[in-house]
Amino acid sequence: MRKWTACLVVLLIVGMLIPGGARAQTGITITYDFPIGVSGPLYDLMTGIVNDFNRTHTGITVQPIFSGNYVQAMAKAMTGVMAGSPPDVAVLDTPELYSLLDQNAIIPLDDLIAKQPQGWLDDFYAALLLNARSNGHIYSIPYQRSTVIFFYNKDLFQKAGLNPNTPPKNWTELLADAQKLTVRDASGQVTQWGVEAPIVDTSPWVIQGFFIEQKAKYFDAVSGKWVKFNSPETVSALQFYLDLQNKYKVAPTGPSSGTFWGQVPQDFIQQKAAMIYTTTGNMTFIRTNAQFNWNAAFMPAGKQWGSPTGGGSMYIFKTTPERQQAAWTFVTWMTDPVQAARWSIGTGYVPIRKTELSTPAFAAYMQQLPQALTATLQLRVAGEQMTIHDVDRVGTILLTAVQEAQSGKRTVQAALDEAQREATQDLAKY
């Protein structure tokens, strides 16, 4: 059963949060579902942006509806599709493309894009469009997008005798630095971890970055019908990832020690971890709460630099032509460089468009927070997050393999061999 189906009962009893600023108006009213997948009080920011759209667009009223995290947002959207009342537009996790296509839920955007000024689509970063395409069509527009990024505590670097201006560039340096940054008390208990790379409770997103850095071709984005989880490249990547925890003991050993997704940035600001892997979308949270000198860097390289893209994109659902056109007007306004910059600055998500960097607000933001440019530069080496049919189920298979190898239940090779068998069987129906 897909992960989002487990949320249906909960979502059916959760009230739709519509701010008072959304007003009744002659013309068309459309619904906009949005998730918040990062730390911070971002609901007010999002609804404020939407209300500005409503004030400046006569004839269209957008009702913003907070739909939980990405899993819950997908569940809510699918509930609406199956009930014949989908949202008009929604921000959903980008790897859900094939799931939405399999439900015949969304429209291709090619004709709408063709009516935009020449070069409009080219202004979006190419890495963020990788998992927007299928069978020659574009089905989504980037919005709250991210990469995995590497944050490190410069004060703890200096305390450990490391250069605070030189983060680890590769896996060898990562291990050496993590060993120096791991601190234990007199009883041998760890009081400060060298590094945290989270086992994500809903998606094996971070480990995909390690796969990319080993040049692993671990899925087919063109057809979405096959994966290759047990190649030498994926095995070596997962082995290193787990060696940090089990062999070298410079990282906590998974969910039992609290390294779920939301805990990692908390551990960083509390100086329980000197280096962390997390989403760029947590940059504003870290900037606001860290009481020490910190910086951001690329994920340390394996055979190459790399990171998976992530975050949410905007999809327009199959409703009526009038509603779809209104939704497209909203999408193009929300992804205009000025509006996109508001969301990037408020959240830490990466800029989605090249011209976003030259807006006055973002230029001033980079002067204040130069770390924000690091995430944008990493887009040049970013790869695609796994985007295939039944992505939640197949992602769970991979996540289970990671956890089984982590616990010692299976070797890395055996765990990934089993994941390959299960995923191949699951995808055979497509």
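This is a predicted model: local features need pLDDT of at least 70, side-chain atom pairs count only at pLDDT 80 or more; totals for chains, interfaces and linings use all residues.
1. Take Trp171 and Phe240. Their ring centres are 4.6 Å apart and their planes lie at 0°, so this pair counts as stacked. The cut-off for that label is planes under 30 degrees apart. Distant parts of the chain are linked by this pair: Trp171 belongs to helix α7 (residues 171-181) and Phe240 to helix α9 (residues 232-246), and the two are 69 residues apart. Trp171 and Phe240 are both buried.

2. A pair with another geometry is formed by Phe211 and Tyr218, which are edge-to-face. Here the distance is 5.3 Å centre to centre, with 65° between the planes. The edge-to-face label applies to planes over 60 degrees apart. Phe211 and Tyr218 are both buried.

3. Aromatic residues also group beyond pairs. One aromatic cluster is made up of Tyr32, Phe34, Tyr43, Phe53, Phe66, Phe330 and Trp333.

4. Is Thr284 buried or exposed? Its relative accessibility is 12%, so Thr284 counts as buried; the cut-off for buried is under 20%. Thr284 sits in helix α11 (residues 283-289).

5. Which residues does Thr284 touch, leaving out those up to four places away in sequence? They are Ile345, Gly346, Thr347, Gly348 and Tyr365.

Note on methods:
Residues are numbered from 1 along each chain as its sequence is written. Side-chain values use heavy atoms; hydrogens and water are left out. Rings of Phe, Tyr and Trp (its six-membered ring) pair if their centres lie within 6.5 Å; planes under 30 degrees apart count as stacked, over 60 as edge-to-face and the rest as tilted. Helices (H or I, at least four residues) and strands (E, at least two) are DSSP runs, numbered from the N terminus. Buried means under 20% relative accessible area, exposed over 50%, partly exposed in between (1.4 Å probe, protein chains only). Contact means heavy atoms within 4.5 Å.
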